[in-house]
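Thank you all for coming; today I would like to walk you through the charged side-chain pairs of one protein.

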Amino acid sequence: MPNNSSLIQAKENVRTKALIFIVSLIVIAASLTGILFISFDNDMELMLPDNDEIRRSMHFLRESNFSDKIIISLGLNDSAYTETDLIREVDRFAQSLKPPLINDAMYSVSESETANEMFDFLKYTPQLTDEKTLEKIDSQLNDNGIKSILQKNYRQLLSPSSIFITPILRSDPLGIKTGLLSALQKLSSSTGYEVAIKNGHFVSKDGKHALLILKTPVSVTDGFGSRNLISYLKKEIDALPPYISADIIAGHLHTVSNENVIKRDIKIVSIIAAISFLLIFFFFFRDIKAAYIFLIPLASVAVSINLSYFIMGNLSYFIMGMGAVIAGISIDYGIHIYIAVRTGSNRKEAVRNVTRPIVTGALTTMSVFAAFFFSEVRGFHQLAVFSILSILFCLLCSLYILPVFIEGKKARAFPAFFDESSNETEFISDKARIFCWAILLIILLFLSSKAAFNSDIKQFDGSEPYIFKAEDNFQSVWGEKDNPAILVVQEESLEKALFTNERIYRDSVNRFGNEDISNFAAIWPSNQTRTENSARWITFWKEREKKLKSLLAKHGASYNFSDNAFLPFFENLYGGMNASGWSEGNLFLKRIKERFVLESGNGYQVLTYFPDNDQYIVAFTEFCRNYPGSFIVSRKSLSKALSDSISSEIIYLSAIAAFFIPFLTLILLKDLRLTILALIPVFTGIIASLGILTLLGLTLNAPSIIAIMVVTGLCIDYGIFMAYTCRYHFNTGTVISVFLSALTTLIGAGVLLFARHPVLFSIGVTLFSGVLAGYMASIAAVPSMYRLWFNSKRDIAT
C-alpha cells in the first residue's frame, strides 16, 4: 500500500494540475474575448519603410481629396433605349445621393453658364498679362500690324458663328485674351478622360455612358466608413432600371474588398489549420493529453495578440494572418517535450535533455524576429512583438506546464513505423544522400539567382476581380490616360505656395514647353506677379492707348469697322486691376482651383501635373532641390524609392540575423563544425524559397522577405536538434519530433496557399517551400555530413 507521503504528494499533484488547468482556461477565455474588442487595421502603409519620400507621398495621397472622390460610370446595356433615357436616369440617380455620405455630385454643367463664367474670368486680363505678351503687342502697334489684325477680325465676322464672335472681337480686337482663354480651356479639360458635353452632361463618345464625380467626407483609409459608403451607393444603384449598368471607381471599394478578402482568408486558414492539427492529433498521438500541445500555441497566440495590442495599439490584419504561422512555429517546443517524455524512462531527465536545444532554438528564432526591431517598417515592429511574445509564452508553458500533465512511457504515443530505433540498415549511403542534396541545391541556387524584386505597391492590393474588371471597362470607355506624376509645392500660406509654383512652372516651360504640363500658374500666378502685371499694364497703355485708337480709326474703315466698333475694349481697358483674387461664386473656376490648390493642416499645396516618365522625373527632381518644401508624387519614383529602401533594409536585417543565428548556435553546440552542420538547413531553406518563387513565376517582395527570415529561424531549430542528437545520442525521439515540428509548421504555412490575398499567399509559398527544403536537409544532409565529417560509425539516436 502506498504510504501517507505518497498519497499526500498525489493529492498535491492533482490540486496543482487542477489549478493550472483552471487558470489556463481563464486566461485563454479572457484572451479570446479580448480579441473581439481589438481594433485591426488593413492599411498597407504599415508594411512600407519609414522613408521620408515614401511617407510623404503616401501621406499626400491619403490626405488629398483625390482619394476621397468617387467616379460612377452609368451605361446603357439595352439598345432599345437612347441617350435621352440615360441622361434622365443620371439626373434621378444624382439627385438621390444625399449627405452625410455624399457632399456633392458633379454630373452636369450649363454650357451657357460655363461660357459666361469663362468670359467673366477674362476681366482679370490686365493682371494676368506678362511682360513678354506686352512686348508682342507693342510689336504689332504699327500700320502693318494693325492692318493684319483687322483683316483677320473681318474674316471671322464673315463666318457663320459671327453672332457669337462679334462681342468678343469688340472687347478684344488684338486677341490679347485668346491665349488666356486657351490656357483656361486646357486646364479645364485636363482630367485625363475623353468626355463630351451633351445636353449639359458628361457623356462618352459613343453616347452610351455618362460620368458622375462624387465628393465624400469619408476617408479612403476609414474601413468602417468606406463599408457604409459603398453599401449606400450599391443600394442606390440597385434602384436603377435594368437597362442601366453602373461601375464604381473608388479607393474605398479597394479598402472594403481587401478587408473582405483578408477576413475570408483568415477564416478559411483557421478552419483548415484546425482540421489539420486535429488529424495530426488523432493519427500520430492518439493520446488525450497530447491536446495540450495544440492548446499551448493557440493560447500563446491569443494572449500575445492582446499583449501586442496593449503595447503597439491598433494591429494590422497582417498580424492575424500570421497567427497560423506563429502557431506552427511555437508548437515545436511542446512536441519536443511531449515526445521526449513519452519515449524516455524518466520525465525529469527527458525534459532536461531537450531543454538546452529547445531554449537555444527558441532564442535563435526570437533573434530573427528581434532583428525586425531595427527595421523602418512599422508592420515589422508589430510582427516582432507579436512573434517574440508568442514564442516566449509557448516556450515557458512547454517547459514548466506541459510536463506536469504528461506521464512517462506507458504505451507508444505514435505509430510504430516512426520508431527508427530498430532500423539497422541505411537504404541510401551517406555519400549518395549528400550527392542528391548537392545536385538539388545547385538547381535551386541557379533558379534563386534569377529571383526578381517587385516594388510595385499595387501587388499588395488583394481586391476582388470584379473591381479590376470594372476599372478596365472604365478605361476602355473613357480612355483614361496613364496617371500623371505630381509636383507638390507645400507652403504655410497660399501666396507663398503660388509664388513658388509660378517659378517652377516657368522653369518647366523653359525646359519642356507647356504642352504636357498642367499648372495653375498658367491662369493664376501669385499676388505679387499679378500686382506687377497690373502696374505694367497701366504704364503700357497710358503711353499707347491714343496710338492704338488712331491706328484703328485709320485702317478700320477699309474693313467696314465703325469708329466705335472697339469701344468696349477701351472702356474696360483699366478694369480687373484688383489682385486680391477672383470671386468664389464662379463655380467653373472654383472646380479648376480645387484640382490644383489644396488646403492642408500645414498650409497650402499647389500641384503641377506632368508625364510620369524618367525624363520628366529627373528634371522635376532637380526643380525640387531648388525649391525647398516641394516634392514629387510619382508611381514610378515611389516604386524606385521602395525598391532602394527595402533592398538596403534587407541587407541590414539579414546581416543582423546572420550574426545572431550562428552566434547563438555556436554557444549551444560549442563546436564550429557542428555549428556549420546546423546551418545547412538554413542555407538550404533560403535557397529553396528563392528558387521556388522563381520557378512559379512569382517575384520577391517585402512580405516574402519576412517569410524568408522566419524560414531561417525555423530551419536553424531543425539543424540544432539534429546536430545536437548526432553528438550526444540522447534517447529523446528527435527524428519524430523534428518531423512533427516541420509538419505542423508546414500546415501553418501551407494553409496560406489557400489565401486569395497576394500578401498572405506570397508568405505561404515562401514559408512552405523553405521549411520543407530545410526539413529535408536536416534529416538527410546533416546526419550524413556528420558521419562522414566526424567518421562516426554510430547511427543517430531516435
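When I speak of a helix, I mean a DSSP run of H or I with at least four residues, and the helices are numbered from the N terminus. Please also keep in mind that what you see is a predicted model.

Side chains of opposite charge can pair when their charged atoms come close. Searching the whole structure in this way turns up 15 salt bridges, and I will pick out a few of them.

Let me begin in helix α21, which covers residues 527-556 and holds both Glu-545 and Lys-549, placed four residues apart, or about one turn of the helix. These two form a salt bridge, with 3.5 Å between their closest N and O atoms. Glu-545 counts as buried because its relative accessibility, 17%, is under the 20% cut-off, whereas Lys-549 is partly exposed at 41%. Elsewhere, salt bridges with shared partners link Asp-85, Arg-88, Glu-89 and Arg-92 into one network.

Next comes a pair of sequence neighbours, Glu-543 and Arg-544, whose closest N and O atoms are 3.2 Å apart in a salt bridge. Here Glu-543 is exposed, with a relative accessible area of 56%, while Arg-544 is buried, at 19%.

Finally, which residue does Arg-787 meet in a salt bridge? The partner is Asp-430, at 3.0 Å from N to O. Since Arg-787 belongs to helix α30 (residues 758-790) and Asp-430 to helix α18 (residues 430-448), this pair ties together parts that lie 357 residues apart in sequence. Both Arg-787 and Asp-430 are buried.

Conventions: Residues are numbered from 1 along each chain as its sequence is written. This is a predicted model: local features need pLDDT of at least 70, side-chain atom pairs count only at pLDDT 80 or more; totals for chains, interfaces and linings use all residues. Side-chain values use heavy atoms; hydrogens and water are left out. A salt bridge is a side-chain nitrogen of Lys or Arg within 4 Å of a carboxyl oxygen of Asp or Glu. Helices (H or I, at least four residues) and strands (E, at least two) are DSSP runs, numbered from the N terminus. Buried means under 20% relative accessible area, exposed over 50%, partly exposed in between (1.4 Å probe, protein chains only).
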